[in-house]
Amino acid sequence: GSPRAAGFQLPVSSFTERPKLPDNYTQDTWQKLHEAVGAIQSSISIKYNLEELYQAVENLCSYKVSATLYKQLRQACEDHVKAQILQFREYPFLVRRNDSLDSLLFLKKINKCWQDHCRQMIMIRSIFLFLDRTYVLQNSMLPSIWDMGLELFRNHVVSDKQVQNKTIDGILLLIERERSGEAVDRSLLRSLLSMLSDLQQVYKESFEQRFLEETNCLYAAEGQRLMQEREVPEYLHHVNKRLEEEGDRVITYLDHSTQKPLIACVEKQLLGEHLSAILQKGLDNLLDENRISDLTQTYQLFSRVKGGQQSLLQHWSEYIKNFGTTIVVNPEKDKDMVQELLDFKDKVDHIIEVCFQKNEKFINLMKESFETFINKRPNKPAELIAKYVDSKLRAGNKEATDEELERILDKIMIIFRFIHGKDVFEAFYKKDLAKRLLVGKSASVDAEKSMLSKLKHECGAAFTSKLEGMFKDMELSKDVMVQFKQYMQNQSDPGNIDLTVNILTMGYWPTYTPMEVHLNSEMIKLQEVFKTFYLGKHSGRKLQWQTTLGHAVLKAEFKEGKKEFQVSLFQTLVLLMFNEGDEFSFEEIKMVTGVEDSELRRTLQSLACGKARVLIKNPKGKEVEDGDKFIFNGDFKHKLFRIKINQIQMKETVEEQVSTTERVFQDRQYQIDAAIVRIMKMRKTLGHNLLVSELYNQLKFPVKPGDLKKRIESLIDRDYMERDKDNPNQYHYVA
């Protein structure tokens, strides 16, 4: 029988007398195994079958010669690995690294050596598996057969300085060539780098450090060069490409641990070092041209590096302030200012949403920047915003559906929010609203109400109370007119003029300068009838007729037939004169109607120099001069039956604009005075600085410290408060 069988017939507990192995068994068996190992190492076929060899190892281990066997195996492997180094020693070592062909052959050779080594160790281990799983496992100090092979390869091949340098030089050269756009053998790189990784510290200590240094130099130089040569979008595109390539390099052949330092290095050299240069050179252009994809890329790249977003934020804010200022400060652009502001706001909103991932910081800074530039020119933006709303809410604005109008108003409110002097807006808004309501020119009551509720929500009820009062007046006037019509039916002589009256509460509406004109007797009679009717219901009220706001419908006959004219009260008074005669001079008209000089010139212009010429002016001309004669135009022709003759009086004059703004300032003085008195009454005694800061909290409009000082002086002069005897910076309330 086989020698092993005898050994296993003994009971497990009594190992007293183990049968001896046949003489020379150990030696003969090792001889066989050694021969097999040699065959594997020389890549020739093994004489014995593997099962037999595996069995032989198991036998030797059972007979306690494991330790010797391990040593012998190690020696056999070491001799072979040591012999390998010779082929590299003999290899011509060139000092120049750039002889790339030589370098490549060397790499292939070292790679073959490594691949062979791995293949051989796998085969050897499969024969000596029993040894690996028993003896080696039980001795924690011993490396497994595979690890032992690695250790030998490292110590004898890769640790050889010349071999190691030449290998790493070669690898770096290949990577450099790949980075410059050549195709290289990536599987060779993968194999060699995983060899270095498998040999533990070699990758980290000898390869990675040099690799990162070279990467750093390459990208430092590349960043400097391309920043000069390329436009920003192309440059950023290149950075992105480089980051993708390096990421791919990690996946394909570098060790995963290199990813962080490698990507950080690319980011630092291509982006971090050039943050403000990139923004200065190209951001304005990208924003001007609305280059969405380039801006998205800028944001994504800048978000990767420290300080990148901060840098982008600052330039973003500067851009908004500079661009916005050009919209606001140039008086020649006033007619388009509001539309341009809305378009600009839409544009930056879109960029924030699409390119900047709705980043809160960018949103907040955009708001601050808008607020800064829009208030660089006081009052005008507020006035123009009010006028813009008027143009949208006025009848005849057919360009928008209700939904669109609502959207426009919402956008306007956002711009309005940035404005400091909101009282200027209110003054102009009120004036325009009055015109819309009194001339029946409002596009839609719903839109008007909607705008009011937006203003109320934004500025509080006090801000809109007068505006709401104006709507109430119009509604009450309707009810009054229903009652007045019934009252007129019961009159013995109702006359043949239909009178409609709007009753306006003085405090709510803009101040109108009353103008005395000469109405005809029938009109005066009607006014008296109304007065009697109204004061009968509301005794103690005072009525003041506002002739400047009146309008009428006149019936007229021409050779061509009948027409109706929609005209202002002043136009009415002029036209009615031509029932009494065919020709009047400017002076005669002025005397009969009593209309103020400049107002009358504008009125006559509208009747004789406009599109619908009911009167003929002699001599012809655009302006109305003293001595001009006006003749009734019996040959008047027009395609419409009812013709509206635009009242030039409705045009807003520069004086009117200035006076509206001045009224706002006057009103501000009262508000400052009231606030000072309120605060002093509560506090009794207060220092100047505390009073000023309290005023800043309470006032809704921008004020300069100098203006506050003036108001304080004025109140001291009027004995509302006094200075402290000892401390001029201290005030006391005077009860």
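Colleague: Is L313 buried or exposed?
Modeller: This is a predicted model, and in it L313 lies in helix α15, residues 308-329. The cut-off for a buried residue is under 20% relative accessible area. L313 has a relative accessible area of 7%, so L313 is buried.

Colleague: Does R377 count as buried or exposed?
Modeller: R377 is found in the loop between α17 (360-374) and α18 (380-393). Buried means under 20% relative accessible area. The relative accessibility of R377 is 16%, so R377 counts as buried.

Colleague: With which side chain does the side chain of R377 make a polar contact?
Modeller: Not counting residues up to four places away in sequence, R377 touches V328, V329, N330, P331, D334 and M337. From its side chain there is a polar contact, at 2.8 Å, with the side chain of D334.

Colleague: At what angle do helix α4 and helix α7 pack?
Modeller: Two packed helices are described by the angle between their axes and the distance between the axes. For α4 (residues 66-89) and α7 (residues 145-158), the axes are 9 Å apart. The crossing of α4 and α7 is right-handed. The packing angle of α4 and α7 is about 35 degrees.

Colleague: How many nonpolar residues are in the contact of α4 with α7?
Modeller: On the α4 side the residues include Y70, L73, V81 and F88, and on the α7 side they include I145, M148, L152 and F153. By class, the contact of α4 with α7 has 1 polar residue, 4 charged and, as the number asked for, 11 nonpolar.

Colleague: How many charged residues are in the contact of α8 with α11?
Modeller: The axes of α8 (residues 161-179) and α11 (residues 232-252) come within 12 Å and cross at roughly 145 degrees, and the crossing is right-handed. I175, E178 and R179 in α8 meet R242, E246 and R249 in α11. In this contact of α8 with α11 there is 1 nonpolar residue and no polar one, and the charged residues number 5.

Colleague: Which are the edge strands of the open sheet of 3 strands?
Modeller: The strand order is β3-β5-β4, with antiparallel pairing. An edge strand here pairs on one side only, and the edge strands are β3 (583-585) and β4 (615-618).

Colleague: In β5, which residue is the bridge partner of E583?
Modeller: β3 and β5 (residues 629-632) run antiparallel and are joined by 3 bridges. Helix α25 (residues 586-593) lies across these two strands, running at about 90 degrees to β3. The bridge partner of E583 in β5 is I631.

Colleague: Which residues make up the uncovered face of β4?
Modeller: β4 is joined to β5 by 4 bridges, and L615 stands opposite F632 in β5. In a regular strand the side chains alternate between the two faces of the sheet. The covered face of β4 has L615 and K617, and the uncovered face has I616 and N618.

Notes: Residues numbered from 1 in each chain as written. Predicted model: local features only at pLDDT ≥ 70, side-chain atom pairs only at ≥ 80, totals over all residues. Heavy atoms only, no water. Pairing = 2+ DSSP bridges. Contact = heavy atoms within 4.5 Å. Axes fitted to C-alpha atoms, helices over the stretch in contact; angles between N-to-C directions. Buried < 20%, exposed > 50% of the residue type's maximum accessible area, 1.4 Å probe, protein only. Left-handed = near helix turned anticlockwise from the far one by under 90°. Nonpolar A, V, L, I, M, F, W, Y, C, P; charged D, E, K, R; others polar. Polar contact = N/O pair within 3.5 Å; in protein donor to acceptor, adjacent residues only side chain to side chain.
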